[in-house]
Amino acid sequence: MALNVIVCAKQVMDPETPISAFKIDPDTMRVAPAAGVPPVVNGFDENAVEAALRLKDESGATITVISVGNGFVMDVMKKPLSMGADRLVLVEGDQVADLDSAATAYVLSETIKKIEDYDLILCGRQASDWDNSQVPLGIAEILGLPCLTVVQKVKAHGDGVVVHRSLDDGYEVVEAGMPAVVTVSNELGEPRYPNLRGIMAASRKAPTVWTAEDLNLDIGRLAPSLELIDLFIPVSDRRCEFVQGEDDADAGRKLALRLREEKLL
Amino acid sequence: MAGILVAGEWNEDGLQSSTAELLAVGRSLASVSGVQVYVAVLGSVPESVSHEAISLGADSVYVLRDPLLNEGGLDAAVAAFEAICRQTGPEVMLFAKTAVGSEAGPRVAFRLGVGAAQDCIKVEVEADSNRVVVTRPVYGGNAMARLRFPGADPQVIVVRGKAYEPLTADATRQGQVVPVDVSLDPAVVKSRRVETVKAEAAGVRLEDASVVVGGGRGLGGPEPFEQLEELARLLGGAVGASRAVCDAGWLDHGCQIGLTGKTITPNLYITVGISGASQHMAGCSGAKHLVAINKDADSNIFKAASLGVVGDWKAVLPSFIETVRELVKS
Ligand SMILES: Cc1cc2nc3c(=O)[nH]c(=O)nc-3n(C[C@H](O)[C@H](O)[C@H](O)COP(=O)(O)OP(=O)(O)OC[C@H]3O[C@@H](n4cnc5c(N)ncnc54)[C@H](O)[C@@H]3O)c2cc1C
Ligand SMILES: Nc1ncnc2c1ncn2[C@@H]1O[C@H](COP(=O)(O)O)[C@@H](O)[C@H]1O
């Protein structure tokens, strides 16, 4: 029996944006989008798409990618489709823009309920904008599902799932029944590149777009549970002393001598 | 009882250092608001662990008991922390950013219908309102956010490791140890650990090392890490790496330093061919002295370094290691 896999993917600012282009608008307390740097699908979410595709390669699966937000860039959000996912559902609108973790988890849970048929919900371990690693936990709590986090390998068998969870010093093998929520980490391995066929197929697919009304959302549950009082760029007070030499080898020698002077050796 | 509830973690070696750090945070909050600091520990906790917690700042220790807690699963831990929180009604609940805490904190918060602040590096009390304000790095550390909890208590806070120092243990401190039977419903456990596979540990642990030598993508492949190993050996340190290195498979993922890797606080951190992306720096900002070798003078690593060489490691490193060898011998 082929699996129905949902992957939650967020559109985020490219984390490789040069630090010099990273600016905060103090009035709105938001990070200003860097000019000329398009957003990306959150890196760990691409790992989650890859995990879903490996399940599909092995025993067949229908992969639905879902995302909540505003201002989606279609070329960006279609990347999972061009990698091989089957369907894209975007929940869009002012009411669901800039939600915090609890509200996002609520909207994604309602989206998942509306999709109805699902065996696995794969997420990234964290979104590279607010680095919260909370939304998948919220989905699992709301839907009352097993929650397996920071996973580097996913296998489905029968009606259960077996994962390898990354630990500081190794990994643990954990099993649970399906449906389950799994958060995927980069240890899974590089996400595949879209091939030409995938890109062509994706270009022919239109995303399903839902709004707060389509999901009958309780607007009261979209209010933030944390209040942002300041957002700023930290300043470092360190000043680097550059050790110079006649050539690189000499600089290496002098660096060691400086470390000795500083009693660091 | 309102107060500050610390979600404690322990193992065979005793109370986890991350819990000791939380107790220090709790005490600093309590010194403003005057409330009690109490810690909940799970399972068959040895008495020595409870006393350690008291000596490190706890006014009381709740030992939560249930057969399910001895299996160490996360689902049972979440349910137990939720139970004690409902029973005691703290105004603040502190978790550590560990595999357990960073997951249990938000899950307990979701169950209670309150917000949780992840990965905080500063936790303060606003004097006039008596409410907590936290500071946490966001956007990989490129920005800092200050946040407040507008809703109902508890204010659930997950604290980054090594952001706070534990208090000095004081064996004369008094406190109570209170056993609590939480009687969990077996249905709370939704997953089962089959086995744990430990990576082979060799030499000094990265997290404990006083000297760390870190390599980045600039090294170009796994072979140059032999030179880093040699340098680390000479200095009695450990080798770590950027995520790019671990993703490329040049080193094991256990060597990754950074936001989603390990946090290190060595006296000396020497980086070679690491650009200093904010997500990497998130794991080493506690290094006392940072030394960087990088061929790009504009690279971000030099903003955090106190000593640097702009050059090609292929030429810099051999003479550096050679001189270090002579110096440590003399
Ligand atoms: C959500 C998220 C979490 C992340 N978590 C982590 C994390 O925990 N840890 C982490 O490290 N990264 C993390 N990253 C990745 C991080 O953003 C960077 O991509 C990564 O740290 C870059 O690694 P690097 O410095 O080795 O490589 P690069 O950025 O490619 O830097 C290589 C450096 O080597 C120098 N170099 C090249 N050749 C030479 C030479 N011959 N001699 C001297 N110098 C040379 C270059 O000048 C350059 O500065 C995370 C990213 C995201 C989005
Ligand atoms: N707005 C969103 N739309 C879709 N998925 C999301 C959204 N926000 C978070 N997620 C998922 O939850 C994971 C963790 O996000 P976070 O808790 O924000 O760090 C991400 O990697 C995504 O898989």
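Predicted model: local features only at pLDDT ≥ 70, side-chain atom pairs only at ≥ 80, totals over all residues.
Let me begin with the cores. The largest nonpolar core has 46 residues, and among these B:Leu23, B:Leu94, B:Val123, B:Val134 and B:Ile157 are the ones that touch the most other members. The element that gives the most to this core is helix α1 of chain B, residues 17-33, which supplies six residues. If we take B:Val123 and leave aside its neighbours within four places in sequence, we find B:Val123 in contact with B:Val25, B:Leu29, B:Val132, B:Val133, B:Val134, B:Ile157, B:Val159 and B:Tyr164. There is also a second, separate core, made up of 37 residues, and it includes A:Val7, A:Ile63, A:Leu148 and A:Val163.

Now to the ligand. Ligand 1 lies between chains A and B, and it is surrounded by 28 residues, of which the closest are B:Arg217, B:Ser242, B:Ile257, B:Ser275 and B:Asn294.

Which residues, then, come within 2.8 Å or 2.9 Å of an oxygen atom of ligand 1? A backbone N or O atom of B:Arg243 lies 2.8 Å from such an oxygen, a polar side-chain atom of B:Gln256 lies 2.9 Å from one, and a side-chain N or O atom of B:His280 is 2.8 Å from one. Taken alone, ligand 1 exposes 990 Å², and the protein buries 86% of that area. Finally, the elements giving two or more residues to the shell around ligand 1 are α6 (243-247) and α7 (278-281), both of chain B.

Note on methods. Residues numbered from 1 in each chain as written. Chains lettered and ligands numbered in written order. Heavy atoms only, no water. Core = buried A, V, L, I, M, F, W, Y, C linked by side-chain atoms within 4.5 Å. Buried < 20%, exposed > 50% of the residue type's maximum accessible area, 1.4 Å probe, protein only. Helix = DSSP H or I, 4+ residues; strand = E, 2+ residues; numbered from the N terminus. Contact = heavy atoms within 4.5 Å. Near = heavy atom within 4 Å. Polar contact = N/O pair within 3.5 Å; in protein donor to acceptor, adjacent residues only side chain to side chain. Areas by Shrake-Rupley, 256 points an atom, 1.4 Å probe, with all protein chains shown as cover.
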